[in-house]
Amino acid sequence: MTAAPRNIVLLDLDGTLTASAPGIIASVRKAYADMDLPVPDDAELQRFIGPAIIESLQRNHVPDDMLQQGVNAYRSYYSEIPAFDDPNDPGHKVPGHLCCTVFDGIPEQLASLRGDGFMLALATAKPEYQARPVCTHFHIDRMIDEIYGASRDFSRLKKDQVIRYAFDNIGFDPANGDRALMVGDRWTDVDGAIACGLDCLGCRWGYAEPNELEEHGAYRVIDHVDQLHDAVGEYFRI
């Protein structure tokens, strides 16, 4: 018996579901201190949110022979070392990945989408081993159906690779009528979606620079979290 066609919503994490800048930027600062290198300026630090950490280090001219040191230091502060104040529990120290919050309204929007029958899958360029604890801690894993991320060894690094990995695991089958939409806040989401033949719904509440999403080809950009459910519904009714 042929399965019914599915409408699949692929969701970015950082800047789309979570306000994660504090933990990411603080972990980057610590990594630069460990490497004894000058910390990038605030505008450049903001650009660390979205791409893989190794790509951001390369973009900021970290020497090739120090890249692995930088990656290891960042991962330690982000995933393991409780060095930062917990915004959700003042006075308590946490690793960088817990130094974030879920955007107001996201749980309600995701619940509405699932209620309408959409399959919701996380597709993040954050390594999957980092994404899963975030989703568990903030109960995002209860709001969505699947969690997919980059690999620890960089063999699955870019957003298009993560999307294809998600599709392989989901069994995405356009020939059977399956459709999908990427939802994200950075150019990496848009470029990754387009590389996979998908459209991307841009989220302006995240970390994109002015006009970034439009210039990279997002089919539509929404300004507020409370527009998410309706915008996705309108897309799949096209």
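**Entry 1: Leu17**

Contact here means heavy atoms within 4.5 Å. With that in hand I opened this predicted model and went to Leu17, in the loop between S1 and strand S2 (18-19). Which residues is Leu17 in contact with, leaving aside its neighbours within four places in sequence? I noted Leu11, Asp12, Thr101, Val102, Phe103, Ile106, Leu110, Leu122 and Ile140. Is Leu17 buried or exposed? I read a relative accessible area of 0%, so Leu17 is buried. I also looked up Leu98, which is 81 residues away from Leu17 along the chain. The C-alpha atoms of Leu17 and Leu98 are separated by 14 Å.

**Entry 2: strand S8 and its partners**

Next I turned to strand S8, residues 179-184. Five of its six residues are buried, so the rest of the structure largely encloses S8. I then followed the pairing on either strand partner. Strand S1 (residues 7-11) runs parallel to S8 and is joined to it by five bridges. One pair I wrote down is Ile8 with its bridge partner in S8, Ala180. S8 is also joined to strand S9 (residues 200-203) by three bridges, and these two run parallel as well. Here Val183 has Leu201 of S9 as its bridge partner. How does the chain cross from S8 to S9? It passes through helix H8 (residues 187-195), and I have this β-α-β crossover down as right-handed. Gly184, for its part, stands opposite Gly202 in S9.

**Entry 3: helix H8**

I stayed with H8 to see which of its residues are buried. My list has Thr188, Asp189, Val190, Gly192 and Ala193. What do the buried residues of H8 pack against? I found helix H7 (159-170), S8, S9 and helix H9 (212-216). After H8 comes Gly197, and its phi is positive, near 75°.

**Entry 4: strand S9**

For His139, phi is near 65°. I placed His139 in the loop between helix H6 (128-137) and strand S7 (146-150). Its relative accessibility is 37%, so His139 counts as partly exposed. For Asn211, phi is near 70°. I placed Asn211 in the loop between S9 and H9. With a relative accessible area of 46%, Asn211 is partly exposed too.

**Entry 5: the two domains**

Last, I looked at how the chain is divided. The domain assignment gives domain 1 as 7-17 + 103-236 and domain 2 as 21-98. Taken over C-alpha atoms, the centres of the two domains are 23 Å apart. On the domain 1 side, 20 residues take part in the contact, and on the domain 2 side, 18 residues do.

The size of an interface is often given as the accessible area lost when the parts come together. How much area is buried between domain 1 and domain 2? I have about 1700 Å², with carbon and sulfur atoms giving 55% of it. Which three residues supply more than any other three of the area that domain 1 buries against domain 2? They are Gln130, Phe154 and Tyr207, and their share is 31%.

I finished with the charged pairs. Two salt bridges are found across the interface of domain 1 and domain 2. I also noted a salt bridge between the side chains of Arg47 and Glu209, at 2.4 Å from N to O.

How values were computed
Residues numbered from 1 in each chain as written. Predicted model: local features only at pLDDT ≥ 70, side-chain atom pairs only at ≥ 80, totals over all residues. Heavy atoms only, no water. Buried < 20%, exposed > 50% of the residue type's maximum accessible area, 1.4 Å probe, protein only. Helix = DSSP H or I, 4+ residues; strand = E, 2+ residues; numbered from the N terminus. Pairing = 2+ DSSP bridges. Right-handed = clockwise from strand over helix to strand, strands pointing away. Domains from an automatic or database assignment. Buried area = accessible area lost by both parts, 1.4 Å probe. Salt bridge = Lys/Arg side-chain N within 4 Å of Asp/Glu carboxyl O.
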